[in-house]
Amino acid sequence: MISKNYRLGMLIGFLAFIGTAVALVLIAFEDSVVFFFTPTELQSKQVNPERRIRVGGLVEDGSTKRGPADAEIRFKITDGNTTVTIRYIGILPDLFREGQGVVAQGYLQNAVFQADEVLAKHDENYMPRNLASAMNK
Amino acid sequence: MIVELGHMALIIALVVSVFQTIIPLYGTACQQARLISFACPAAIVQFTALVLSFGALINAFVTSDFSVANVAYNSSFLKPMLYKVSGVWGNHEGSMLLWVLILSFFGASVAIFGGNLPEILRARAIAVQGLIGASFLTFIIFTSNPFARLIPAPIDGRGLNPLLQDIGLALHPPILYLGYVGLSTTFSFAVAALLEGRVSQLWARWVRPWILAAWVALTAGITLGSIWSYYELGWGGWWFWDPVENASFMPWLAATALLHSVVVVEKRNALKRWTILLALVAFAFSLLGTFLVRSGVLTSVHSFAADSQRGMFILVLLSIAIVGSLSLYAWRAPKIESSGTFLLISREGALVINNLFTVTGAGTVLIGTIYPLFLESISDEKISVGPPFFEATFVPLMVPLIFAVGVGPFLAWKRNNLVSALHNLIFATVCLVVVFVCLLGAPIGAVFGMALAVWLMLAVLTEWAKRVRLFRVSLFASLSRARLLPRSAYGMSIAHFGLAVFIFGAVGDNLYSTEVVRYASPGDKIKIAGHTLTFQSVTKQLGINYDAYVGKFVMENGQVIESERRFFPVEGQQTTEVGLSVRPSGDIYTVLGEAVAQDKWTIRIYYNALVVWIWIGTALMSVGGLLSFLDARLRIAL
């Protein structure tokens with residue numbers, strides 16, 4: 001038969017393990033969760049420029065411009081009230097179109113959003129859910 | 001006409017599944033052999049009806065019958081035949097039909113191949129299988145009927161989303177479903193065991209092949225999805241910790257834990273209640289995955305047009321399954337007694353550690369996946385939880401697990417001999433340190449990951465060498481020992497080795513991958529990761545249902561890599577086909593962007609280091625599982 005001390009040791013080890021897992025989750029939430037903003041929220045709330053965030057909105061018609069650097073693209077997104085300029089270096093997703101919804105991930109620096117990722121989805125009629133709920137308010 | 005027959009067959013399948021549930025359960029309750037023996041034929045009839053129904057839907061797609069709404073919305077005349085067929089499950093209704101088809105396939109398999117099972121256990125398992133089938137068939141018939149007519153019929157269909165017109169759609173969903181839904185079988189066996197109030201070592205032996213089958217398919221299905229996502233631009237690469245990806249990963253983790261715990265039940269007659277719980281949880285994760293994918297409650301790059309009413313229905317099914325099975329568990333599990341007790345440092349102890357870590361890992365994935373949903377429902381805050389979260393939680397949890405994977409097979413059942421086990425691993429551990437020191441300078445976590453991958457490979461090889469007594473007896477004697485090793489031993493070694501190879505690829509990609517984005521004109525040379533590519537030309541070409549610009553890149557050895565920008569007129573949509581040169585040291589991955597001026601294009605070139613080893617690793621894991629599945633000792637049980 002297994003001794004009581006052994007069982008106790010196992011129990012303590014198990015609890016310590018679960019505790020570690022919980023701690024990892026909490027720390028990770030603190031550091032790595034990405035918040036979503038609409039252009040209006042971006043303007044009204046204080047956003048830490050060191051923090052990775054997402055912004056979403058509709059791409060404004062006629063706002064897409066190239067350059068000056070290689071593969072640099074600037075466009076404006078809007079939620080109907082406010083617009084914000086997005087700067088991105090790379091190739092835009094296939095579903096990127098003016099007048100359509102888009103979500104960009106990156107950092108807000110000096111009122112320009114420096115995106116390192118521009119997201120679009122499989123679905124042609126795609127409107128990001130976060131955005132849809134924000135715009136219906 | 002055929003469409004109506006398909007619809008009829010679907011309704012017949014529902015009716016049969018209801019009887020398949022009620023009659024055998026009633027039969028086992030009042031011990032009527034004739035009622036019990038109703039189970040097997042019912043399962044086979046249900047499967048046959050669904051095959052006919054699915055065949056009718058395929059027929060409608062192949063013949064482009066646009067009077068069927070589903071075909072009109074998801075197909076078109078010009079679509080190549082492969083995508084007409086795979087387009088059947090490229091939409092919600094068709095994919096749900098495939099789901100129940102596979103469910104009934106497993107029900108019928110239990111009926112046909114379960115000849116060695118006790119009659120009552122088999123009848124109960126088939127009845128539970130019938131109950132799941134009845135729920136989902138109701139769901140399909142009342143909210144997602146694939147046979148609904150569209151009158152008047154349009155002249156041409158809307159076509160299939162061009163992003164889905166890919167061989168990946170033909171392979172990934174059916175195989176993934178085979179794994180997802182395959183876990184229903186172990187769920188049914190677990191519920192049957194709870195109804196009986198008894199779990200024996202034999203039960204574990206009966207269930208193991210079914211777990212293995214589901215696990216192999218799930219591993220292969222996730223691998224295929226990962227490959228597809230890798231070469232489809234904008235899907236986040238081979239793994240993005242996207243909710244839909246996590247939805248398939250959680251059942252995989254639970255199935256992996258189950259695979260290991262059921263061995264403890266079989267060999268040591270212990271861990272029974274836990275194993276039953278895992279079997280219930282694994283399938284609950286499958287249902288959760290179906291809900292997450294089909295309801296669209298989570299923002300994902302892989303989700304398709306979603307409908308909240310349907311989501312609600314699946315959520316109700318999910319809740320009933322979870323609450324129902326856990327209540328049954330709470331009521332009946334105390335009856336199940338385990339006889340074996342065991343020490344932490346033993347083979348079974350290592351398997352328990354596997355369970356602890358994989359299940360906790362699944363827990364962190366679950367939290368990361370559903371927390372945004374939870375937060376949004378209680379506050380105004382909108383967040384997304386991406387790769388950094390999972391890299392900070394799931395990945396560290398896996399490190400001790402990898403050590404357990406290496407050490408575990410050296411430990412004997414019951415006994416406490418860690419020192420002699422570690423003695424075997426001196427060489428592997430020395431290599432770990434050497435690799436670690438050699439790679440220092442790069443991010444420490446990744447360096448450690450590489451060293452760990454090498455350690456695990458060597459640990460697996462050492463264990464095999466020890467089994468065949470390599471270099472201790474003559475080479476010939478070793479070879480004949482190697483031949484005599486059971487397939488399941490090879491299965492374990494290969495699967496564990498595959499895990500090591502996978503880590504090697506995944507960490508390598510993280511550590512050494514680079515990319516270049518720039519404008520380029522034909523003739524320009526681009527340098528990346530020691531290679532020089534020449535951007536040779538862009539030409540216009542016509543495909544079956546699209547026009548394309550084809551960009552040619554030439555490697556220094558003369559190999560041509562082509563990437564395309566395609567435009568699909570029917571769907572009015574643009575897609576980008578990446579160019580790939582797959583090589584062991586790292587892939588060259590080219591993307592042709594927009595033309596910014598005459599003969600000037602945006603291009604993006606990636607060097608994805610060691611990435612091919614990721615899938616070689618997971619493929620090895622599948623092969624290992626398959627070998628275990630085919631082990632003669634288990635085959636009797638099948």
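Trainee: In this predicted model, what share of the contacts in chain B between residues at least 6 apart in sequence join residues at least 24 apart?

Mentor: The share is 74% of those contacts in chain B. Two residues count as being in contact if their C-beta atoms lie within 7 Å. For chain A, the corresponding share is 51%.

Trainee: Why does the radius of gyration of chain B agree with that of a compact globule?

Mentor: For 638 residues, the rule for a compact globule gives a radius of gyration near 26 Å, and chain B has 26 Å, so the two agree. Along the principal axes, the C-alpha atoms of this chain fill a box of roughly 80 × 70 × 60 Å. Of the 638 residues, 53% count as buried.

Trainee: How many helices and strands make up the secondary structure of chain B, and how many does chain A have?

Mentor: Chain B comes to 21 helices and 10 strands, while chain A has three helices and seven strands. The order of elements along the sequence of chain A is α-β-α-β-β-β-β-β-β-α. Of the 137 residues of chain A, 31% count as buried.

Trainee: Into which domains is chain B divided?

Mentor: The assignment gives domain 1 (1–165), domain 2 (396–512) and domain 3 (514–610). The centres of domain 1 and domain 2 of chain B, taken over C-alpha atoms, are separated by 44 Å.

Trainee: Why are α13(B) and α14(B) called roughly antiparallel?

Mentor: Two packed helices are described by the angle between their axes and the distance between the axes. Helix α13 (residues 347–378) and helix α14 (residues 387–407) of chain B pack at an angle of about 170°, and their axes are 9 Å apart. Angles over 145 degrees count as roughly antiparallel, and α13(B) and α14(B) are therefore roughly antiparallel to each other.

Trainee: Which residues meet in this contact of α13(B) with α14(B), and how do they divide into nonpolar, polar and charged?

Mentor: Among them are B:Ala350, B:Ile353 and B:Phe357 in α13(B), and B:Phe389, B:Phe390 and B:Leu397 in α14(B). The residues of the contact divide into 13 nonpolar, seven polar and no charged.

Trainee: What are the classes of B:Trp238 and B:Trp241, buried or partly exposed?

Mentor: B:Trp238 has 21 C-beta neighbours inside 10 Å and therefore counts as buried. B:Trp241 has 19 other C-beta atoms within 10 Å, so B:Trp241 is partly exposed. B:Trp238 lies in the loop between α9 and α10 of chain B, and B:Trp241 is found in the loop between α9 (201–231) and α10 (243–268). Not counting residues up to four places away in sequence, B:Trp238 touches B:Ser226, B:Ser229, B:Tyr230, B:Val611 and B:Ile614.

Trainee: What is the phi value of B:Trp241, and what is that of B:Phe471?

Mentor: Most residues other than glycine have a negative phi. Phi of B:Trp241 is near 55°, a positive value in a residue other than glycine. For B:Phe471 phi is near 70°, again positive in a residue other than glycine.

Trainee: Which residues does a cis peptide bond join in chain B?

Mentor: The cis bond joins B:Ile151 and B:Pro152, with omega about 0°. B:Pro152 has its place in the loop between α7 and α8 (167–196) of chain B.

Definitions and conventions:
Residues numbered from 1 in each chain as written. Chains lettered and ligands numbered in written order. Predicted model: local features only at pLDDT ≥ 70, side-chain atom pairs only at ≥ 80, totals over all residues. Helix = DSSP H or I, 4+ residues; strand = E, 2+ residues; numbered from the N terminus. Rg over C-alpha atoms; globule rule 2.2 N^0.38 Å. Buried ≥ 20, exposed ≤ 12 C-beta atoms within 10 Å, placed from the backbone. Domains from an automatic or database assignment. Axes fitted to C-alpha atoms, helices over the stretch in contact; angles between N-to-C directions. Parallel < 35°, antiparallel > 145°, perpendicular 65-115°, else oblique. Nonpolar A, V, L, I, M, F, W, Y, C, P; charged D, E, K, R; others polar.
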